[in-house]
Amino acid sequence: MLEVTNLHASVAGRGILRGIDLSVKAGEVHAIMGPNGSGKSTLAAVLAGREEYEVTAGSVAYNGRDLLEMEPEERAREGIFLAFQYPVEIPGVNNAYLLKAALNEVRKHRGEPELDAMDFMALVKQRMQVLHIDQDLLKRPVNEGFSGGEKKRNEIFQMAVLEPKLAIMDETDSGLDIDALRTVSAGVNAMRSPERAILVVTHYQRLLNYIVPDVVHVLSDGRIVKSGGKDLALELEEKGYGWIEGVAAQVGA
Amino acid sequence: MTTLAPAEAYADAFEAVRRTAAAPDGVVDLRRRAFERFTALGVPTTRLEAWRFTNVAPIANTAFTLATPAEREAAKADTAPHALGIGAGLLFVNGRHVAPASDVSALPDGVEVLSLADVLASDANETRAAVEARVASGAGIENEAFTALNTALLHDGAVVRVPADTVVEQPIQLLFITSPPPGGEPVMTHPRVLLVVGENAQVRVVESYGGGDSPYLTNTVSEVIAGPSAVVDHYKLVRESPTGYHIGAMHVRLGRAANFSSHAVTLGGAIVRNDAQALLDGEGVECTLNGLYLANGSRLVDNHTTIHHAQPHCSSHELYKGILDGEARAVFNGKIIVAIDAQKTDAKQTNKALLLSEDAQINTKPELEIFADDVKCTHGATVGQLDEDALFYLRARGLGLEQARSALIHAFASDLLNHIAVEPIREQLDDLLLADLPGSGGGSFHVC
């Protein structure tokens with residue numbers, strides 16, 4: 001589904017990603033771990049189409065198409081969903097408007113009829129129940145005045161409504177208490193399916209107790225320095241990122 | 001056709017009004033005094049502080065003749081986009097009341113919605129006496145050139161009188177359309193609106209301005225007198241064509257515990273100047289002046305407001321928001337005067353501008369003159385661009401760039417839109433902001 005080859009990206013002239021290779025198949029959950037500044041969030045942003053990042057080399061194929069040629073909205077309509085590390089507050093735009101507009105854009109793109117208000121509400125209510133989200137949320141402006149946990153839950157809720165093919169979770173666990181972490185993880189796990197791939201970007205192993213990955217990659221200094229099974233996350237937790245920097249030195253050598 | 005100098009055109013217009021527009025002696029005399037004042041003052045230049053950022057040379061250099069009655073079909077075409085379909089109202093085409101197009105039959109007993117020309121030409125009666133007394137005060141003619149010109153050429157407009165203890169449920173729309181002559185010669189109109197609301201009465205009035213696609217000037221003066229505990233909700237929709245100039249003054253006097261709100265919405269016009277002046281002339285007045293202005297191309301929109309707190313325990317709230325694209329320019333000047341006796345005044349003023357292009361600009365200035373010592377006055381101004389993070393967030397959810405921009409622009413204006421109680425106006429603005437707003441600056445805001 002996703003083939004990242006030798007991806008280099010920089011922001012304001014500073015190289016952040018320095019040759020990422022990554023292959024994700026439908027049905028798989030991949031975790032990308034790494035210390036601060038290793039390029040985790042940059043990778044997520046480049047995949048979602050953030051324009052501040054300049055891709056200087058390499059390629060990204062998504063279902064056989066050149067992802068880097070696509071505008072952010074086209075990527076979203078093609079089924080890529082980025083759960084933001086810092087969901088943006090948008091006063092004056094309410095959640096219902098955003099969700100309905102987003103969902104109908106995706107549906108139009110797939111050649112499906114747009115949902116009317118009633119069908120939309122039925123769908124949304126069902127998803128809200130699963131995630132224990134209060135219906136008032138729909139009338140509230142997007143993320144405005146939300147707590148950190150509410151913002152993250154709202155991201156997962158949007159994902160549940162939009163049903164992406166490739167979900168990228170950018171540090172969805174950061175700032176969550178254990179209850180919120182469980183709710184969010186349950187929401188993500190409920191979406192695991194043979195047709196869908198999930199990329200979990202995280203600093204800590206904690207989240208991976210709840211969302212158990214098939215593959216773990218460790219990112220350091222803009223490169224994937226180690227990949228392995230779910231046990232790699234535990235090993236990393238035990239030994240710390242210092243261990244990985246040693247590995248990175250070997251890889252670089 | 002011979003070419004007139006602008007001053008000659010004004011003199012001809014004054015002569016024509018003097019000869020043809022019947023009026024009581026007091027008004028005839030007032031016109032004469034006003035024309036003398038206008039002649040002395042001249043069209044303002046940027047050397048005057050109140051016009052420093054608003055260059056009206058294109059108006060000063062044009063010889064506008066008084067608009068004459070329009071071709072019926074042309075007038076219809078120019079009028080259609082502006083009708084709100086809200087029942088009661090008066091239609092004015094080229095400065096003259098067009099009787100058949102107006103329907104004021106459903107109004108409560110005692111409410112008068114009349115053509116000013118009809119009132120002035122009528123035999124002496126209570127209405128005429130009241131109108132004459134009101135108009136003859138000559139508000140603004142000493143210092144305001146355009147108000148003096150409007151008064152000098154005063155002949156038609158709307159008179160709305162609501163007796164005490166009367167609630168008018170339906171909004172009243174006063175629609176002023178300029179339908180320029182086929183040859184496109186520059187024409188002008190000088191509508192006058194007089195809104196008198198009695199004690200404990202309630203009314204909602206919409207003034208709409210628009211016109212066809214050749215040069216014209218709308219120079220309007222509105223006077224609002226609200227009695228004790230009256231509730232007045234006033235809307236002004238300026239949707240002049242891209243070739244239209246609009247100069248509008250509103251003088252408001254509010255009695256004890258009156259509640260007045262104004263919504264000045266400017267969507268069109270090459271140069272638009274809205275002057276709103278409110279005198280809070282009794283205790284416990286609530287005065288709200290809100291404004292929303294959109295401009296693109298090389299348009300200029302200027303909102304000047306003055307709120308004069310003359311009595312204690314009054315509050316005023318002011319929120320103006322502007323959305324500027326292309327090379328558009330805007331001016332906001334908010335003056336708040338708190339008289340020495342006006343203790344416990346609570347005044348809040350906010351102006352926010354959203355600049356969608358590099359070349360758009362705004363000059364914003366608060367002016368506070370506070371003579372009382374126990375008051376709360378705040379003011380704030382912000383100028384910003386669309387939030388890039390929010391744009392990306394919306395696009396990352398699948399919204400196209402244009403749709404994402406529109407959503408954010410609409411969001412910027414949403415608190416003002418929520419205060420608009422006339423449904424068709426809010427719907428038009430919603431549609432305009434969400435659907436039709438151009439991103440490039442090449443489009444036209446007035447086509448809503």
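This is a predicted model: local features need pLDDT of at least 70, side-chain atom pairs count only at pLDDT 80 or more; totals for chains, interfaces and linings use all residues.
Helix 5 of chain A passes helix 6 of chain A in a left-handed crossing, where a crossing is left-handed if the near helix is turned anticlockwise from the far one by less than a right angle, and right-handed if clockwise. Residues are numbered from 1 along each chain as its sequence is written, chains are lettered from A and ligands numbered from 1 in the order in which they are written, and side-chain values use heavy atoms, with hydrogens and water left out.

The axes of helix 5 (residues 148-162) and helix 6 (residues 178-190) of chain A come within 10 Å and cross at roughly 15°; axes are lines fitted to C-alpha atoms, for helices over the stretch in contact, and angles run from 0 to 180 degrees between N-to-C directions. These two helices of chain A are therefore roughly parallel to each other, given that angles under 35 degrees count as roughly parallel, over 145 as roughly antiparallel, 65 to 115 as roughly perpendicular and the rest as oblique. On the side of helix 5 of chain A the contact (heavy atoms within 4.5 Å) is made by A:Lys152, A:Arg153, A:Ile156 and A:Met159, and on that of helix 6 of chain A by A:Thr183, A:Val184, A:Gly187 and A:Val188. By class, this contact has 4 nonpolar, 2 polar and 2 charged residues, with Ala, Val, Leu, Ile, Met, Phe, Trp, Tyr, Cys and Pro counted as nonpolar, Asp, Glu, Lys and Arg as charged, and the others, Gly among them, as polar. Helices (H or I, at least four residues) and strands (E, at least two) are DSSP runs, numbered from the N terminus.

Helix 5 of chain A also packs with helix 3 (residues 95-109) of chain A, at an angle of about 35° and with the axes 10 Å apart, in a right-handed crossing. Among the residues in this contact are A:Leu98, A:Ala102 and A:Val106 of helix 3 and A:Phe157 and A:Val161 of helix 5 of chain A, and the contact has 8 nonpolar, 3 polar and no charged residues.

In chain B, the axes of helix 8 (residues 388-395) and helix 9 (residues 401-418) come within 9 Å and cross at roughly 130°, which makes helix 8 of chain B oblique to helix 9 of chain B. The crossing is right-handed, and the residues of the contact divide into 7 nonpolar, no polar and 2 charged.

The largest pocket holds about 640 Å³ of space and is lined by 30 residues, of which B:Ala50, B:Glu144, B:Arg273, B:Asp275 and B:Gln277 lie nearest its centre. On a 1 Å grid over the protein atoms alone, a cavity is a set of points where a 1.4 Å probe fits but cannot get out, and a pocket is an open set with protein on both sides within 12 Å along at least five of seven lines, lining residues having an atom within 4 Å of a point. The pocket lining comprises 10 nonpolar, 12 polar and 8 charged residues.

The structure holds 9 cavities of 30 Å³ or more, and about 90 Å³ of space lies in the largest cavity; grid points are joined across faces, edges and corners, and a volume is the space filled by probe spheres set on the points.
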